[in-house]
Amino acid sequence: TYRATNYWVDVVFVPNPPAPPPTTTTAPPAPPAPTPSSWPTAADTGASGTLTAASGSVLLDKDGETYQNVRLTGDIVVTACDVTLQNVEVDAGEPNTGDTTPDLFAIWLQVPADCVTTLDHVSVITQADPNAYVTEGVRDAYGSIMLVTDTKITGTQLGLTVGPGLIEDSYVELGPNMR
């Protein structure tokens with residue numbers, strides 16, 4: 001004690017409040033997985049209906065051009081902007097000679113990167129032997145914008161190369177690697 005001074009202290013004990021009950025969170029349910037019948041198939045994509053037969057190499061070189069309702073035995077080269085291929089089947093192929101087989105692109109886009117090409121209900125079919133080789137179904141030379149819907153590519157070594165754009169509801173079945 002200092003100078004006989006009394007220091008009285010009243011101590012008050014306050015217990016901790018009870019802990020709140022633990023909170024539980026439930027993850028939202030996962031979206032349902034698509035059923036196999038909802039995936040595009042060879043039967044429900046590509047060109048259909050009555051198509052006009054044509055053959056050879058087709059050059060589409062007019063901006064805004066639409067090429068439609070054709071079954072072409074040959075290939076297509078696009079050099080213009082805003083071209084649309086709609087309901088077109090391209091039957092392409094060349095004999096495979098091994099390493100000396102030249103590249104064959106069934107549809108070859110040679111347009112600037114800022115151009116848009118639309119493929120809607122287009123089929124690229126590799127012809128049967130002896131014309132059983134197509135390097136690529138759709139080749140985009142410069143990374144242009146492509147809008148590809150309901151398109152089918154079968155039997156090619158490579159399906160398609162694309163720059164920016166959209167590929168939707170389409171089907172690709174590659175052929176054997178022949179090189």
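## Parallel strands around β5

Nine bridges join strand β3, residues 83–92, to strand β5, residues 116–126. The two strands run parallel. This is a predicted model.

The bridge partner of Ile-125 in β8 is Thr-154. In a regular strand, side chains alternate between the two faces of the sheet.

## The overall fold

How many helices and strands does the protein have? The count is zero helices and 11 strands. Read along the sequence, the pattern is β-β-β-β-β-β-β-β-β-β-β.

The protein has 179 residues, and 34% of them are buried. Now take the contacts between residues at least 6 apart in sequence. Of these, 49% join residues at least 24 apart.

## The nonpolar core

The largest nonpolar core has 27 residues. Which residues have the most contacts inside this core? They are Leu-60, Tyr-67, Ile-76, Val-78, Leu-85 and Ile-107. Six elements are named as giving two or more residues to the core: β1 (52–60), β2, β3, β4, β5 and β7. In soluble globular proteins, nonpolar side chains tend to be buried together.

Leu-60 shows what such contacts look like. Leave out residues up to four places away in sequence. Leu-60 then touches Glu-65, Tyr-67, Ile-76, Val-77, Val-78, Thr-79, Ala-80, Val-83 and Leu-85. Tyr-67, Ile-76, Val-78 and Leu-85 from that set are also listed among the core residues with the most contacts.

## One disulfide

The structure holds one disulfide. It joins Cys-81 to Cys-115, with the sulfur atoms 1.7 Å apart. Cys-81 lies in the loop between β2 (66–78) and β3, and Cys-115 in the loop between β4 (105–109) and β5, so the pair ties together parts that are 34 residues apart in sequence.

Is Cys-115 buried or exposed? Cys-115 counts as buried because its relative accessibility is 1%, and the cut-off for buried is under 20%.

## One aromatic pair

The structure holds one aromatic pair. Phe-105 and Trp-108 form it. A pair of aromatic rings is described by the distance of the centres and the angle of the planes. For Phe-105 and Trp-108, the centres are 4.9 Å apart and the planes lie at 70°. That makes the pair edge-to-face.

Phe-105 is buried, with a relative accessible area of 13%. Trp-108 is partly exposed, at 31%.

## Backbone exceptions

Most residues other than glycine have a negative phi, and most peptide bonds are trans. Some places in this model depart from that pattern. Asn-87 has a positive phi, near 55°, and is not a glycine. Asn-87 sits in strand β3. It is buried, with a relative accessible area of 12%.

Asp-150 also has a positive phi, about 50°, although it is not a glycine. Where is Asp-150 found? Asp-150 is in the loop between β7 and β8. The peptide bond from Asp-129 to Pro-130 is cis, with omega near 10°. Pro-130 lies in the loop between β5 and β6 (136–140).

Ser-48 belongs to the segment before β1. It counts as partly exposed, at 47% relative accessibility. Ser-48 and Val-88 are 40 residues apart in sequence. In space, their C-alpha atoms are 8.2 Å apart.

Definitions and conventions: Residues numbered from 1 in each chain as written. Predicted model: local features only at pLDDT ≥ 70, side-chain atom pairs only at ≥ 80, totals over all residues. Heavy atoms only, no water. Helix = DSSP H or I, 4+ residues; strand = E, 2+ residues; numbered from the N terminus. Buried < 20%, exposed > 50% of the residue type's maximum accessible area, 1.4 Å probe, protein only. Contact = heavy atoms within 4.5 Å. Phe/Tyr/Trp six-rings, centres within 6.5 Å; stacked < 30°, edge-to-face > 60°. Pairing = 2+ DSSP bridges. Disulfide = S-S within 2.5 Å. Core = buried A, V, L, I, M, F, W, Y, C linked by side-chain atoms within 4.5 Å.
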